[in-house]
Structures are given as structure tokens and as C-alpha cells.
Amino acid sequence: MSDDRANGHEDLAERRYEPPQGFADNAIVGDPSVYERAKEDPDGFWEECARDLHWFKEWDQVLNWDPPEVQWFVGGKTNVAYNCLDKHIEEGQGDKTALIWEADEPDQGKTYTYNELAAEVRKFANVLKDLGVEKGDRVCLYLPMIPEVAIAMLACARIGAPHSVVFSAFSAGALRDRLNDAEAKVLVTADQSPRGGKANPLKQNADKALEDSPSVQSVVVVKRGGGEAPMTEGRDQWWDDLVGGASDECPAEEVDAEDMLFVLYSSGSTGKPKGIVHTTGGYLTHVKATTKMVFDLKDDDIFWCTADVGWVTGHSYLVYGPLANGATTVMFEGTPAYPENDRWFDVIEKHAVTILYTAPTAIRSFMKTGTGPIEKHDLSSLRVLGSVGEPINPRAWVWYYENIGGSRCPIVDTWWQTETGGIMITPLPALTTAKPGSATHPFPGIFPGLYDDEGNEVEGAGQGNLVIKRPWPGMLRTLYKDPERFRETYFETYGPEVYFVGDGAKRDEDGYYTITGRVDDVMNVSGHRVSSAEVESALVSHNAVAEAAVVGKPDEDKGQAIWAYVILEGDRETSDELMKELRDHVRSEIGPTSRPDQVVAVDDLPKTRSGKIMRRILKKIAEGDQDVGDTTTLADPSVVEDLQKQASAQT
Ligand code: PRX
């Protein structure tokens, strides 16, 4: 990231930020001995965290580790929905606000108490049962940020049916692939998805996907936009009609700790998304403990995680983590700029949000606008700020701290992944002296390390590939229907005991970790994972494209911008219109986050003698770097000069 030096002098990463004075006195974790205890007895630490949940039957064994297979809380019986709802109601919290829903239009939101949310969840659980959903059947949720998405997730959890949430901005093709891979029996969607004052025709997309999704027997449609939606007789039914007649009595299924809670698809280094599988007891233990300890979550906090539920952050820190802790969670349907560019700050003030958890890309866009929108609002309710999804550059960190946090709120820069289920490397707000840009220390009970490319562990201060050396409860258990890819992706590089993260990292002399970005062919665009291979295959599905290679280019706003090089079919001429058409084609094939920022038509690509595209060289060319490094392994080193000429002529 460019220019992280204030006034061209000070290196902001060198600054130190102590926890606010007195913060530790009332903090959930104010005693640093937790780190030592968890290091000496990690199983004991996690067992203590698990005891914070309700179990119908306690486990016989904390951890069963047969690398790379892992089971946590073996033999234990629990239920995620019971823990997120009934437990709090039994403890006298039924009238507490569980969910604040802030709609796209500022005056249309609503709130749910724990009692109300539980009633809706039980009703929808009965609806699913009536549709023939049984324990173990997959239910796909293609829904906008509306209460029904949380209700449906919890209803699935209540009856032991794993959910697969598909981000509502994904295309029909992306939905179809996920429906088919998961062999979903039911799809829950909405007529429309209003965002920023515009309506996205969700049901029409869903219908396209359903043309080729034979496993889906029933479709439930939430009326959100209120407009016309095509309904297929015998297959599609309105949510309200079904829920209207359903009973609000539905006992929670006693599921095994290792029963699957959900599958969530994420981009990998091949074109096919990975179905990341999370199970019940370990996942909930991990997300409940991290939500409480990392954000210092207390009874009267209002927790706003801005992520969409279509991503893992929304699963773990909008729905399951806050609700497992009996907190009040905020769900926002809209965008930062609608109706005005102060909308987020309006939401913070209106609901007196105390904890804000967001992504660096959002902070950078606020930096661009300046502090005007912030100054219109009272943000004094805020007390802890979180960052997630991509490295936060020190300048954005300091800006977040000073302008949104009023220089009084600790920032927790949390590193984790869809695969890890929950937060792994993070400050603890009462204990950690922050260094801007660094995710700091492992959470208690987490054992990261650095390895070099030869497989040797890097000791002390240094740089390398990030790994996790011991299992943790929220760890993915497998890739759906693909245990071999699970093993190859995560447990082959450094053997079956060492989880290969896919990120590079540095560790300084104080043991602080700073994540440097992906080491595989996965890009991080505005905090979203985008696979180079997936964009390439979308490009070659266009009839003008013979071959494509895609790389990430460092970008001030988005972290990385997508650069695509294409070789056109013999008879096609390049033109601005065609390049735009190709970018739009990728958007409609995958979704808006995958749309390339730049498509460059070239005559040839830099390949090794064995035909592998050298993306390293393409990255340098995208960055406009004249020195592309070693080209001796290229089959034809002269392509580099041609590529440089072609790229600079077209950009
Ligand atoms: O590269 C890391 C980056 O996001 C990747 C995980 O993406 P995903 O599975 O979509 O989950 C995003 C939300 C947890 C990681 O491999 N990443 C995530 N958090 C950070 C980060 N990079 C640097 N700092 C972070 N705090």
C-alpha cells in the first residue's frame, strides 16, 4: 500500500497504541495469564470455553486428532439454535433485543427480541420439516440482508439441516454450481433485494439457476421488494403463507458435536469453489469465545458487524457469535452511500452501536470522502473497533482510530479465514499494545508458525508462509464431498499435522504477526476472495477469448484490483467495447466483485517450457514495473517486451 508515512516522515507502523486507561479493569479478559494457561493446556482452555455453551450431553473426549482428521468434543450433544436463543430465554433474557434490522430505507427497519426471534425460528423450522427437510439435508439460502436470513440459518441449525448461504450478489451460474455441489433440497430466496435504493431481481436469478438444479424440490420466497415475482406452481411458495400456518413449537434436535452445521463456498486456486464444511460444537465454542474475548462483549453492547451473511464473517460475527453470547446484533441491508454518504454514521448514532466490526476497504473509502459525514453524528457510543478481511494499511488504521474511534477505542485487527471458522490472530483489547497494520498475537489456544518454501520452520523474527501447528475447534473439517482436495490444499505442503494457510506473514522481534497477503493464485479484492482461475474460466467462456490469465494488482482502495490478459480468437480485433463486454461478461458469470478492472488483449502469454503461465511476470507488468525479474525459465523470453508494449498501449 502506498504512502503509509504521515507527512512523508513518520512511519505509522512504528507507532504504538496502548489499551485505553482503565479498560482492563472491567474487561472480559484483563489478565494476561490467559495466554500462558492456554499455551500450557490448550485442550483445557478450549474445554473451559465449551462449558460456556449448553450441552444436552457432555463430551467424552475434548480432542481426537488423527492428522489431518480432527474431532472436537467427541460424543457431546448440543444444538446451535438452542444456544443462540432458548438458553438466553431460560436465563430470563427473552425480552432483550436480539436483532436490530436496519433496512435499506432508513425508516423501514425492525427489531426482534430473543422471544420473537425464537418464535420465528421455530415456525420456520416447522416449515422446513413440512417441506420434507430432514436432519442432514442441505438447505440453500440465497437471501439479502433481511431478518429471514438469520431466521432461516437458525431454523436449519435447530433441525440439524446444514445450510449453504450463497451471497445474494452472486450470479445465477454461481448459485447453480453451489446448489448442485451441495445437492440442496430446498432453496430459500426473496423476490427482490433492495440495496442503495435499487432492486436486484433475486427470484429471476434464482429461476435461471433452478433450470439446471435437479436436487431442489421446493423454493420458499420472501416478499421483500413487493413487486411481481415469477412463481412456479408446485415448487415455489411464499414465506409468509407457509410461516403463517406454522406452529411456534419445535424442540431443538440434539445433534452431535461433529454434525455438519453449514457448508460455505469460498474461492480456491482452481476454478471450482471449495465447499468449506463446519461442524457444530467446536465451531460454536470458537465463535462464542472469540466474540466475547476479542470484542470484550458485555451484556449491554450493541454489536454491528457490517459483513454480508453471504461471507463467513457474517456467519460467525453477525449471527452465531453475538447471538450465542446473548448480545444485540445489528444487520444492515443497505450501502454506505444511501440515502446520503453519512448512512453508516447515522446507523451508529441511531442504535448507539458500541462495537463496530468492518473491513479496511470501507475505511479507505471513508478516508477518501473525508470526515464531513462523520462530523454530522455523535459516535461517542463506540468503544471497540474491529477490522477484518484484508491487511489494513497503517494509514487507514490510524485514520480509523482517530476519526471513527475518536482516539479512545482500541482496534482489533483480526486475521482469520472461511476455513478457520473464527478469529485466529488478533489483539485482545485490554491487553495488547497495538502496532498499526499488525494483527499482533495468536488468540489463546492458537499456535501459528512460519515455514520457508523448503519446509523448514522459521524461528524468531522473520518472514514465511503462515501455518497453524495445532488443531483448533472452529477448523474446517473437510471440503464437501472432496476429502482429497481438503488434504491436498491444506495438509500436503508441510505434512498432515501442519495447516497450510495460503497467506504470507512476517513476525517481528516482539512476536507480532503482520499478514502480507496470499501466496497462492487467490486475489483479495475489497476484502473478498476472488480466484484467478475462476475469472480466467469465465473469460474463456466468452466466444471472443482463446486464452486468459488473471492477476491482482495492488490498489489503493480495493487492496487488489483484477487485471486480465486475454488472447483473442484469431478473427477478433481488440476494441474498448469488446474489453468492456468481457469485463461485464465476468460480472454476469460470477458476480460484481469478480469483474476485472482492466482487460488487456495480448498476442502471447509468458509461459514456462511446461506451459505454466508465470503470473509473477504478469503482476509486474500490471504494476508497470520494467524489471520483471528472472525470465530464464520462460519458453520464449521475448514475449515480455511485447507484453509490456501492448499493456502500456491499452492502459
Ligand atoms: O488473506 C487473508 C485475508 O483474507 C483471507 C481469508 O478470506 P476469507 O476466507 O474470505 O475470510 C475473510 C474473513 C475472515 C485470508 O487468507 N485476511 C483476512 N483477515 C485479514 C486478512 N489479511 C490480513 N489481515 C487480516 N486481518
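Modeller: First, a term: two residues are in contact when heavy atoms of theirs lie within 4.5 Å. Helices (H or I, at least four residues) and strands (E, at least two) are DSSP runs, numbered from the N terminus. This is a predicted model, where local features need pLDDT of at least 70, side-chain atom pairs count only at pLDDT 80 or more, and totals for chains, interfaces and linings use all residues. Residues are numbered from 1 along each chain as its sequence is written, and side-chain values use heavy atoms, without hydrogens or water.

The helix to look at is α14, residues 394-404. Most of α14 is covered: eight of its eleven residues are buried. Buried means under 20% relative accessible area, exposed means over 50%, and partly exposed lies in between (1.4 Å probe, protein chains only). The buried residues of α14 are P394, A396, W397, V398, W399, Y400, Y401 and I404. What lies over them? The cover includes the helices α11 (343-351), α12 (360-369) and α13 (372-375). Strands take part too: β20 (355-358), β21 (384-388) and β22 (411-414) are among the covering elements. After α14 comes G406, with a positive phi near 55°.

Now the records. UniProt positions follow the numbering used here, feature names are shortened, and annotations may be inferred rather than shown by experiment. An unreviewed UniProt entry gives residues 91-472 as "domain: AMP-dependent synthetase/ligase". That span is 31% helix and 23% strand, and its end C-alpha atoms lie 29 Å apart.

The "binding site" feature, also from an unreviewed UniProt entry, is placed at V540, H542 and V545. V540 belongs to helix α16 (residues 532-540). V540 counts as partly exposed because its relative accessible area is 38%. Not counting residues up to four places away in sequence, V540 touches V545, A546, E547 and A548. H542 sits in the loop between α16 and β31 (545-555). H542 has 8% relative accessibility, so it counts as buried. With residues up to four places away in sequence again left out, H542 touches L578, E581, L582 and H585.

K612 carries the UniProt annotation "modified residue: N6-acetyllysine" (unreviewed entry). The loop between β33 (598-601) and α18 (615-622) holds K612. Its relative accessibility is 55%, so K612 counts as exposed. Beyond its neighbours within four places in sequence, K612 is in contact with P606 and K607.

Finally, the whole. The protein has 19 helices and 33 strands. Buried residues make up 60% of its 651 residues. Among contacts between residues at least 6 apart in sequence, 70% join residues at least 24 apart. The C-alpha trace spans about 75 × 60 × 55 Å along its principal axes. The radius of gyration is taken over C-alpha atoms, and the globule rule is 2.2 Å times the number of residues to the power 0.38. A compact globule of 651 residues would come near 26 Å; the protein has 24 Å, which agrees.

The surface comes last. For charges, Lys and Arg count as positive, Asp and Glu as negative, and His and the chain ends are not counted. Each charge is placed at NZ of Lys, CZ of Arg, CG of Asp or CD of Glu. The protein has 66 positive and 108 negative side chains, and the centres of the two sets lie 1 Å apart.
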